[in-house]
Amino acid sequence: AAPRHLTSIADLSPAEFTKLVLNASHYKTAVKSGQTPKSLSNSLAGQTVAMMFNKRSTRTRVSTEAAVTMMGGHPMFLGKDDIQLGVNESLRDTSTIISSMTSCMVARVGAHSDITGLAEYSSVPVINALSEDFHPLQTIADFQTITEALLNRSPSDSSLGLEGIKVAWVGDCNNVLFDLAIGCVKMGVNIGVASPTGYGIPDRMRNVILAAGSQSPAPGKLQETTIPEEAVKDAAVIVTDTWISMGQEAESQARLKAFAGYQVTNELATRGGAKPGWKFMHCLPRHPEEVDDEVFYGPRSLVFDEGENRLWAAVAALEAFVVNKGKIL
Ligand code: CP
Ligand code: NVA
């Protein structure tokens, strides 16, 4: 049978996404209390996970290598100068060969079509480790972080108990936002997005985000604005990311200018009327222009829990897609 891939949160039903988040949280609690389940520590024994990264990474690389190791497998890191791909060999040939010798390809690429291209020719699951369009492993960790921090109601098999809360995104509409927004719409979480004119959500992506609600009883609403105060109004969580993603370095000057006034600060949250207990999240790496030190290192910040949760998100994703062959149990 054709393998099942994780290219975006859009690939998951609401119940599957919920399960991945709860499994991540479950393994975090179990392992941290010294009770690593045997079923986890042997689950990738004798198996190799290829990690094909053509961009830098701290969290995604370390979390994936640590997760595979925890599960008894071998993570094989293949940076852009290590393999023939991109220089001397096609995506098709590379995918066919690497998938014939390994159990999974975890890939960080530029164009999202490189992820779908790898998937098309792979005999093993492909997990997207960041493309220009999506970052599903980040979104799993983000929902884990929100669920652990807010816990509105007890999560159940099909719900994280987050329905009706609002997440605000202030800044650039990028890969991290797109999967986060898909997750929000799917889980009944409202999302307000503020970005400068010209840096909003592209039409093709808005369609993907809105379509993510089709299986949800009460999909989360998407609000788009150029005014940061409007997005943060009533928000329980304020999220941002760099204004200059990898590959956009040549646009740095124009972007720094366009995003002036979009920095996340306590003053912005107060002016806009965020919820009194609002929390802050950022996938990292962080630069001071998009969020000041007071918020980033302050008591509302969940950023280091969020970073750590990448490990547990990787464990949950590898278990579902590699060990359980795409059945999310
Ligand atoms: N958040 C994230 O993906 O970080 P890295 O680029 O360091 O992997
Ligand atoms: N938006 C950022 C995320 C890095 C994890 C980028 O694509 O560079």
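The legends below describe close-up views of a predicted model. Residues are numbered from 1 along each chain as its sequence is written, and chains are lettered from A and ligands numbered from 1 in the order in which they are written. Local features need pLDDT of at least 70 and side-chain atom pairs count only at pLDDT 80 or more, while totals for chains, interfaces and linings use all residues.

**View 1. The open sheet of five strands.** The strand order is S7-S6-S5-S8-S9, with parallel pairing. Strands (E, at least two residues) and helices (H or I, at least four) are DSSP runs, numbered from the N terminus. Two strands pair if DSSP finds at least two bridges between them. Strand S7 (222-225) and S9 are the edge strands, each pairing on one side only. From one strand to the next, the twist averages 20 degrees.

**View 2. Strand S8 between S5 and S9.** Strand S5 (residues 166-170) runs parallel to S8 and is joined to S8 by three bridges. Ala168 has Ile238 of S8 as its bridge partner. Strand S8 (residues 237-240) also runs parallel to S9, and four bridges join the two. Ile238 stands opposite Phe280 in S9, Val239 is partnered by Met281, and Thr240 by His282.

**View 3. The two faces of S8 and S9.** Both faces of S8 are covered, with Val237 and Val239 buried on one side and Ile238 and Thr240 buried on the other. Strand S9 (residues 279-282) is likewise covered on both faces: Lys279 and Met281 are buried on one side, Phe280 and His282 on the other. A residue is buried if 20 or more other C-beta atoms lie within 10 Å of its own, exposed if 12 or fewer, and partly exposed in between, with C-beta atoms placed from the backbone.

View 4. Leu284 lies in the loop between S9 and H12, and Pro285 has its place in the loop between S9 and helix H12 (293-296). A cis peptide bond, with omega about 0 degrees, joins Leu284 and Pro285. Leu284 is not a glycine, yet has a positive phi of about 70 degrees. With 16 C-beta neighbours inside 10 Å, Leu284 is partly exposed.

View 5. Asp234 is found between helix H9 (228-232) and S8. Phi of Asp234 is near 65 degrees, a positive value in a residue other than glycine. Asp234 counts as partly exposed, because 15 other C-beta atoms lie within 10 Å.

**View 6. Helix H1 packed on helix H6.** The axes of H1 (residues 14-32) and H6 (residues 136-150) are 9 Å apart, at an angle of about 70 degrees. Axes are lines fitted to C-alpha atoms, for helices over the stretch in contact, and angles run from 0 to 180 degrees between N-to-C directions. H1 and H6 are therefore roughly perpendicular. Angles of 65 to 115 degrees count as roughly perpendicular, under 35 as roughly parallel, over 145 as roughly antiparallel and the rest as oblique. The contact (C-beta atoms, placed from the backbone, within 7 Å) is made by Leu20, Val21, Ala24 and Ser25 of H1 and Ile140, Phe143, Gln144, Thr147 and Glu148 of H6.

**View 7. Helix H3 packed on helix H13.** The axes of H3 (residues 59-70) and H13 (residues 303-323) come within 8 Å and cross at roughly 50 degrees. H3 and H13 are therefore oblique to each other. Among the contact residues are Ser63 and Ala67 of H3 and Leu311 and Ala314 of H13.

Methods: Contact = placed C-beta atoms within 7 Å.
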